[in-house]
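This report describes a protein model by its loops, its helices and the contact between its chains. The sequence and structure are shown first.

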Amino acid sequence: MLKTTYQYEQTAARLVVEGFPDLSAGQSNEAIGILSSWRLQLIGAPELEGTRDHLEALMAAVMPYARHRLSGVQRRFGLEDGFVSIAPDQANHRLELRSSREGVEPLQLKLDDAELADLVRCLDRLRLDNRVKLTWTFPEDRPLKHQEIVDRIPLQKRLGPPLLAGVALAACTIATAWLVPLPQGTKETSPAPAPVDKPETQSDR
Amino acid sequence: MTEAPAPSAPTDGARLSRRGVERLDLLLLTIEALDLNGGEAMVWTSQQMGLQAQFPNRVELWKRRCHNPLRRTTRRDQLDPVDAESLICLVCAMADRLYPMLHQLLSSREPEQLTQQRWQLFHERLRDLIEERMNPRREAVVRLLTMEPAGPLHRQLISTLAFCAGPGGIDRLRATLLDPTP
């Protein structure tokens, strides 16, 4: 059985996957149903390689990160003790890769927006390639929850306007209380009763 | 699990919110700022994608884009979901076509002075287009006009196009346009 190799290139990134067709599943000779290895070359970074598990971990971290980045949500993706994680690093992105071999230090790559876009496009091509018969486990692209959108706005910016409005309202109330004169207090003692002229009646005459 | 989306043919579509339509039209405006012949290129690309039923000419495309409430000439009715899906596919295809330019703007490996000049040029073109097409009495439009070159809003627009370029970006762009308004 011949090994099949497919290559996906995008400017600064090159992803190469190698594998064999799963003949028991009736796949054609040009298909990859069993992934034997993959290599990722990013300009200015050492070549990365691994097994299917590593590639799945890369896909599961990078794709949701890119999706959230589009909505302005910047947070870490990938398990703490997993093979791959990606997190924002100031204006760039920090891709961390951990080897399954013991004693190997994690590798950290700093990617700018352009390099991350290249990587995302390579992964997009791989997952959309009909010849590669693999299933990828990462969440489907969906609209974010309201709370996630709200959380991207800093607390100071979120609470600032209502706080300012509250302070302004309180200041207005106090100013109004000082400026508008209160009505004079009424005396407790009741005024003397006015003399009432008795109407003359016939009996008085 | 994620399945491969259809590369170009619009599906049943997505009903975009007012904010979603604003963002979609702004992305199309960004494409026009990057490509001087962007209007014609959009019609040509839509025909290549088999979307001539939706956008047979520039006028029909312009009519769909007028659903953006920030425009000088705006339409009150909602954007049809099929038209919205077609516009999303069009943005992704145009971003794919312009990807080398997007890459140049976002890359930190390019010469700094050249990058600044590119951002400045993009900034001027986008500002001119916004002044020409958008209603300057809207607060959101004033905010767009006061953007700094290579500022966060500019970078957000360009990186959005870079991350949604090509057929793989359609689902991502649709999802982000359907985000709830904060």
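## Loops and helices of chain A

A:Thr11 is located in the loop between strand S1 (4–10) and strand S2 (13–20) of chain A. The model is predicted; local features need pLDDT of at least 70, side-chain atom pairs count only at pLDDT 80 or more, and totals for chains, interfaces and linings use all residues. Residues are numbered from 1 along each chain as its sequence is written, while chains are lettered from A and ligands numbered from 1 in the order in which they are written. Helices (H or I, at least four residues) and strands (E, at least two) are DSSP runs, numbered from the N terminus.

Phi of A:Thr11 is positive, near 45 degrees, in a residue other than glycine. Burial is counted from C-beta atoms placed from the backbone: a residue is buried if 20 or more others lie within 10 Å of its own, exposed if 12 or fewer, and partly exposed in between.

| Residue | Other C-beta atoms within 10 Å | Class |
|---|---|---|
| A:Thr11 | 17 | partly exposed |
| A:Gln90 | 7 | exposed |
| B:Gly166 | 19 | partly exposed |

A:Gln90 is not a glycine, yet its phi is positive, at about 55 degrees.

Chain A as a whole has four helices and seven strands, and its elements run β-β-β-β-α-β-β-β-α-α-α from the N terminus on. Of its 205 residues, 25% are buried. Two residues are in contact if their C-beta atoms, placed from the backbone, lie within 7 Å. Among contacts in chain A between residues at least 6 apart in sequence, 45% join residues at least 24 apart.

Helix H1 (residues 52–70) of chain A is mostly covered, with 15 of its 19 residues buried. Just after H1(A), A:Gly72 has a positive phi of about 80 degrees. In helix H4 (residues 155–179) of chain A, the number buried among 25 residues is zero, so H4(A) lies largely in the open. H4(A) has a kink of about 30 degrees centred on A:Pro161, where the bend is the angle between axes fitted to the seven residues ending there and the seven starting there.

## Chain B and its contact with chain A

Between the chains, 25 residues of chain B are in contact with 30 residues of chain A. On the side of chain B that touches chain A, helix H5 (99–106), H8 and helix H9 (170–177) each supply at least two residues. H8(B) gives the most, with five residues.

B:Gly166 lies in the loop between H8 and H9 of chain B. Apart from neighbours within four places in sequence, B:Gly166 is in contact with A:Arg121, A:Asp124, B:Cys92 and B:Asp96.

Within chain B, the axes of helix H1 (residues 18–34) and helix H8 (residues 152–163) come within 10 Å and cross at roughly 90 degrees. H1(B) is therefore roughly perpendicular to H8(B), a term for angles of 65 to 115 degrees. This contact is made by B:Leu26, B:Leu27 and B:Thr30 of H1(B) with B:Leu157, B:Thr160 and B:Leu161 of H8(B).

How values were computed
Axes fitted to C-alpha atoms, helices over the stretch in contact; angles between N-to-C directions. Parallel < 35°, antiparallel > 145°, perpendicular 65-115°, else oblique.
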